[in-house]
Structures are given as C-alpha cells and as structure tokens.
Amino acid sequence: MSERTSGATQGWIAALFARELRLSVRVGGGALIGVLFFLAVVTVIPFGVGPDLNLLARIGPAILWIGALLATLLGLDRLFQADRDDGSLDLILMSGRPLELVVLLKCLSHWAGTGLPLVVAAPVLAIFLNLEPVAMGAVTLTLLVGTPALTLIGAIGAALTVSLRRGGLLLAVLVVPIAIPVLIFGVSAADAAVTEPTPFLTPFLFLCALTLISAVIGPVAAAAALRHAGD
C-alpha cells in the first residue's frame, strides 16, 4: 500500500512539474523573451559606458548579473497569476496537497523554463563584454547556483501580488531589495575568480547558502501568502 502511495505521489509530482514547465515556456514567450531581454541589457550598457574594453571586462560580471536579475523579474508575475485567473489556484488550495511542495515545484519548473536559458546564454553574451574564459566560467557557474534563489525569492513577491491585476511593478519593488544579497555574493564570486588575492570559494559558498535558505523560506512564505489570498 505504501509503495502504491509513493508511486502516486511521484506521479503527480512529475505531472505537475511537466505541466508547469510547459506553461513557463509557452506563456509570454518564456525562455525566448527572457534571453532577448538579457541580450538587450548586455548590449545596451556598453554603449553607455563607452568602448573601453578593460572597463567592460572589469564590470562585465556585474552587468551579466544585473541583466539576469532583470530578466528573471520579467516573468515572475505570471508564476501564480495564470492559475488564479483560470481557477487552478483554488483547486490546488482545496486538493489537500502540500502547498509548499507545489510552490517549490512551480519555482523549479519556472527556473528550468526561464532561468536556465539565461545561464546557457551567459557565456555567449560575455563575449560582448570582453570577458576572459575564466571569467566566463565563473559568471556562468555563479548564475547557475544563484538564479534559482532569485526565482524562489521572487515567488514570495508573486504570491503577495497575485490578487492584484497589475502587480508587476509592485513585485519588482518587493523582490529587488531582498535579492540584493544574492547579487552581491554572485558578483563577488565572479570577480574573485579573476582577482588573485581574493578567494573564490568564500563568496561562492555564501551564494550556495543563500540559495538553500531561499529553497526553504521561499516556498513556505509564498504558500502562506497564497493561503491568505485564497481566503
């Protein structure tokens, strides 16, 4: 009986993840829109700072991280809004499934559909910023570890603004201050990879810790906000 229950649980988890992944890719352009916005941010900033290649290489990791943060915010308002509009959110709340686990699965699928393409595109866009191969690898690794934290933190803002018709701006105002520590340690780790006196491992481990903390706090806080919005 327990094996049957375990199999059923694994089945709905896989089905939910696949459904949310399809929605994250389809709704609003998904990965394509995020990557295009990421490209726009990275290509516009060099026009503002000038053609100094050394300067671009020095601030390149920060530009890539800021671009990834903004591109992540672009689709967060759709994380729960579509479910609320079509009534799926009410069914999820009444289904008896652990809401925290549902939120975590939605965040993971959303990151796989919109955040992971940003990580894949980062080494290509780093060429525009005159980054060396070591710096490219460091930025890509930090984005791979840190962008899930941005999605998990953003889920809290998305849940708080789910009942608002146009909560995208308010979501950004709520999420950006909370995401600043992730940005700081992500850029610090990427910079440390090309700066000899500075150790790479210390800020990178802090970045990993922030992602793990977000994986615990984000779903719990978002689930509480969704329950409050459903009352």
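Is Phe 185 buried or partly exposed? In this predicted model, Phe 185 comes out as partly exposed, since its relative accessible area is 25%, a value that falls between the 20% and 50% cut-offs. Phe 185 belongs to helix α8 (residues 168–192) and Phe 206 to helix α9, so to speak two distant parts of the chain, 21 residues apart, linked by the pair. Phe 206, at 45% relative accessibility, is partly exposed as well.

The other pair is made by Phe 200 and Phe 204. Here the ring centres are 5.2 Å apart and the planes lie at 20 degrees, so this pair counts as stacked too. What about burial? Phe 200 is partly exposed, with a relative accessible area of 24%, whereas Phe 204 is buried at 13%.

Helix α9 turns up again with the charged side chains. The structure holds 1 salt bridge, and it is Arg 227 that meets Glu 100 there, with 3.2 Å from N to O. Arg 227 sits in α9 (residues 201–230) and Glu 100 in α6, so the bridge ties together parts that are 127 residues apart in sequence. Neither end is described as buried: Arg 227 is partly exposed at 37% relative accessibility, and Glu 100 is partly exposed at 27%.

Further along α6 (residues 99–126) comes Thr 114. This residue is buried, with a relative accessible area of 14%. Where does the side chain of Thr 114 reach? It goes to a backbone oxygen, that of His 110, at 2.6 Å. An α-helix has 3.6 residues a turn, so residues three or four places apart point the same way.

Helix α3 has a kink to look at. The helix bends by about 55 degrees at Ile 59, and Pro 61 follows within four residues. Pro 61 is itself among the buried residues of α3, a list that also includes Gly 60, Leu 64, Trp 65, Gly 67 and Ala 68. Gly 67, placed in α3 (residues 53–74), is buried at 0% relative accessibility. Which residues does Gly 67 touch, leaving out those up to four places away in sequence? They are Phe 38 and Val 41. The C-alpha atoms of Gly 67 and Val 41 are separated by 5.7 Å, although the two residues are 26 apart along the chain.

Two loop residues round out the picture. Asn 130 lies in the loop between α6 and α7 and has phi near 60 degrees, a positive value in a residue other than glycine. Most residues other than glycine have a negative phi. Asn 130 is partly exposed, with a relative accessible area of 35%. Val 162, in the loop between α7 and α8, is buried at 1% relative accessibility. What does Val 162 contact, beyond its neighbours within four places in sequence? Its partners are Phe 80, Gln 81, Arg 84, Leu 89, Leu 226 and Ala 229. Val 162 and Asp 83 are 79 residues apart in sequence, yet their C-alpha atoms are 9.5 Å apart in space.

Methods. Residues are numbered from 1 along each chain as its sequence is written. This is a predicted model: local features need pLDDT of at least 70, side-chain atom pairs count only at pLDDT 80 or more; totals for chains, interfaces and linings use all residues. Side-chain values use heavy atoms; hydrogens and water are left out. Buried means under 20% relative accessible area, exposed over 50%, partly exposed in between (1.4 Å probe, protein chains only). A polar contact is a pair of N or O atoms within 3.5 Å; within protein, one must be able to donate a hydrogen and the other to accept it, and residues adjacent in sequence count only if both atoms are side-chain atoms. Contact means heavy atoms within 4.5 Å. A salt bridge is a side-chain nitrogen of Lys or Arg within 4 Å of a carboxyl oxygen of Asp or Glu. Rings of Phe, Tyr and Trp (its six-membered ring) pair if their centres lie within 6.5 Å; planes under 30 degrees apart count as stacked, over 60 as edge-to-face and the rest as tilted. The bend at a residue is the angle between axes fitted to the seven residues ending there and the seven starting there.
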